[in-house]
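Thanks for coming, everyone. I have one structure to show today, and I'll keep it brisk. Let me put it on the screen.

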Amino acid sequence: MQKITNNPSALRHLNKLRWLVLTTIFLMLILLPFIHLYQTFVAAHAYDLLLPNEKVIYNAMEWLTGPFVHDPEHDLDLVKGTTWSASLFGLKISDPLSVVSQMAASLSLYWPFILTGLIPVIVTVLLGRVFCGWICPATFIYELNDTLAAWMRRAGVPLGDKVYDKRIKYLILLAGLVLSMLLGSIMTAAIYPPAIIGRELYYAIAQGAFGSGAVFFILTILFDLLVARRGFCRYLCPGGALYSLLGRYRVLRIQRVVEDCNDCKKCNVVCEFGLDPLQDGFGQECNNCTACIAVCPTDALVFKVQMHDQAFQGPGHLGHAYRNKHAEEKSGG
Amino acid sequence: MKRRAFLQSLTAAAALLAASPLIQAANNPSFRFLRPPGSKDEKDFAATCIRCGKCGEVCPNRCIKYLGTENGIESLDTPYIVPREQACILCMKCGDVCPTGAIESVPREMDPILEKVNMGVARVDRTLCLSWQGKTCGVCYRACPLQDVAIRIGRLEQPHVLKDCVGCGLCERSCIQIPQAIKIIPSHTRKRV
């Protein structure tokens with residue numbers, strides 16, 4: 001059977017690249033609070049008065065950032081924030097959910113802020129829900145949590161694997177926005193894991209203690225572990241709901257090449273969002289995470305540039321179902 | 001089954017909405033805090049701030065902290081300053097980094113700061129103040145970044161707060177009396193005249 005993909009082995013490595021990106025962003029969220037502490041120590045001009053552990057932070061951060069900055073107190077302000085809202089070299093980028101929530105809570109349009117959500121919106125419209133798979137610091141934890149759950153299952157620990165309606169998260173998005181409007185306060189920020197993680201890591205490192213959001217986040221981890229696999233992202237996340245809506249007509253899609261598929265179902269098992277690549281069921285919730293591409297033994301999953309998913313193409317041509325049917329037709333004819 | 005799940009989630013949402021007035025805890029008057037310099041009015045602030053935490057992350061003086069639920073759930077994770085613990089040095093970096101305009105960007109110059117910054121106003125308790133009790137002190141005056149504009153001293157270094165005080169809290173931070181003789185009355189808890 002001929003391969004249609006240009007270079008399938010290269011696509012397989014995208015999942016590793018994704019992990020690299022996820023890890024980098026998570027480590028940045030840990031590093032930035034330390035850098036903030038370092039900046040305050042520099043601004044205080046009192047190295048000798050620092051506590052021993054503060055001196056360790058000072059020295060480590062000086063070693064780390066020294067080659068890149070001339071004036072740590074001001075130069076290090078160039079990269080600040082979290083995935084919820086960041087300023088990178090003067091460019092402010094905010095999560096679309098924060099923009100929408102702020103519009104709901106304040107019932108006004110503040111364009112300088114709305115424009116900070118433009119880049120993520122454009123990226124999502126073109127590439128789909130990529131934030132969820134490629135950037136979200138909560139995904140980093142949840143996927144590790146999912147790996148842990150897989151090990152525990154293998155060791156015989158009974159863990160829940162409930163399946164709910166994926167549309168619940170759209171209701172939660174709606175409820176979050178309505179609640180924000182009624183309270184006049186941005187409530188979605190309190191139930192959105194990536195915002196919580198960025199904040200709580202900062203609280204823990206630079207402010208001395210975790211805040212109340214950490215409790216919520218641990219509950220979501222337990223929900224994922226004990227009740228439903230990747231349950232929060234699949235069924236509850238308001239940001240995921242918004243990204244799914246934005247990415248509904250994404251241009252870049254993972255699609256199945258039916259000629260290469262052997263019906264092994266590995267893609268369905270590995271899919272973090274519980275989608276159905278085996279029957280061409282990607283939909284608006286596919287986040288182009290490429291986990292299914294990496295696991296596909298016959299390279300039957302490829303990227304395609306199209307606005308809609310293919311309709312179900314029937315069983316894979318390398319699988320038993322197709323071959324048996326074909327053989328029957330041959331013998332019949 | 002699908003309809004049932006839908007109805008269940010609808011009921012949960014309705015219950016949340018019904019409970020929202022209960023969640024709205026009353027403001028605690030004994031908890032005295034300031035908003036960062038250039039902040040909007042208290043009501044608009046909670047509706048505008050997206051809780052990104054960048055204002056605290058650029059604060060070189062580490063005075064910006066974040067609320068838990070102590071001031072009601074609507075101000076969860078919003079920034080605040082307790083001047084006695086660590087006061088604002090009016091560096092105005094938080095306004096520059098704020099993406100939402102909850103903290104307005106104000107240039108670090110005298111006139112814009114006097115015009116736009118209104119965190120509170122200092123008030124001297126003369127029964128506690130050393131200078132007013134005849135023991136020359138004047139520390140609050142010397143800590144003030146807006147000397148002779150926000151505060152002036154008279155006989156025996158007795159402090160007089162002027163109407164241009166922006167409420168940064170450096171006087172309260174520096175007061176050597178325990179409890180402090182000079183306090184910032186936050187603008188969001190002062191009665192409008």
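Predicted model: local features only at pLDDT ≥ 70, side-chain atom pairs only at ≥ 80, totals over all residues.

Start with chain A. The domain assignment gives domain 1 at 24-81, domain 2 at 82-248 and domain 3 at 251-320. Take domains 2 and 3 of chain A. Their centres, over C-alpha atoms, are 25 Å apart. Domain 2 puts 18 residues into the contact, and domain 3 puts in 11 residues. Which elements of domain 2 are on that side? Those giving two or more residues are α7 (118-127), α8 (130-135), α9 (137-154), α13 (231-236) and α14 (238-246) of chain A. α8(A) gives the most, with four residues.

Now the contact between the chains. Chain A brings 46 residues and chain B brings 33 residues. Several elements of chain A supply at least two residues each, among them α2 (14-44), α5 (96-106), α10 and α11 (193-206). The strands β1 (79-81), β2 (85-88) and β3 (91-94) of chain A are also on that list. Which element has the largest share on the chain A side? That is α10(A), with seven residues. By class, the chain A side has 21 nonpolar, 19 polar and six charged residues.

So let's look at α10(A). The helix covers residues 168-183 of chain A, which is 16 residues. Which of its residues are buried? The list is Ile168(A), Lys169(A), Ile172(A), Leu173(A), Ala175(A), Gly176(A), Leu177(A), Leu179(A) and Ser180(A). Note that a lysine, Lys169(A), is on it. After the helix comes Gly184(A), with a positive phi near 65 degrees.

Why does Ile191(A) count as buried? Because it has 21 C-beta neighbours inside 10 Å, and the cut-off for buried is 20 or more. Leaving aside neighbours within four places in sequence, Ile191(A) contacts Gly176(A), Phe216(A) and Pro238(A). Gly176(A) takes us back to the helix, where it is one of the buried residues of α10(A). There is also Gly239(A), 48 residues away from Ile191(A) along the chain. Their C-alpha atoms are separated by 9.4 Å.

Next, the strands. In chain A, three strands make an open antiparallel sheet, in the order β1-β2-β3. β1 and β3 of chain A are at the edges with a single partner strand each, so one side of each has no neighbour in the sheet. On average, neighbouring strands here are turned by 15 degrees against each other, direction ignored. β2(A) and β3(A) pair over four bridges. One of the pairs is Ala86(A) with Ile93(A).

Last stop, chain B. Strand β6 (residues 182-186) has four of its five residues buried. It pairs with strand β3 (residues 120-124) of chain B, antiparallel, over five bridges. There, Ala122(B) has Ile184(B) as its bridge partner.

That's my tour. Questions, please.

Methods. Residues numbered from 1 in each chain as written. Chains lettered and ligands numbered in written order. Expected span 1.5 Å × (residues − 1). Buried ≥ 20, exposed ≤ 12 C-beta atoms within 10 Å, placed from the backbone. Domains from an automatic or database assignment. Contact = placed C-beta atoms within 7 Å. Nonpolar A, V, L, I, M, F, W, Y, C, P; charged D, E, K, R; others polar. Pairing = 2+ DSSP bridges. Axes fitted to C-alpha atoms, helices over the stretch in contact; angles between N-to-C directions.
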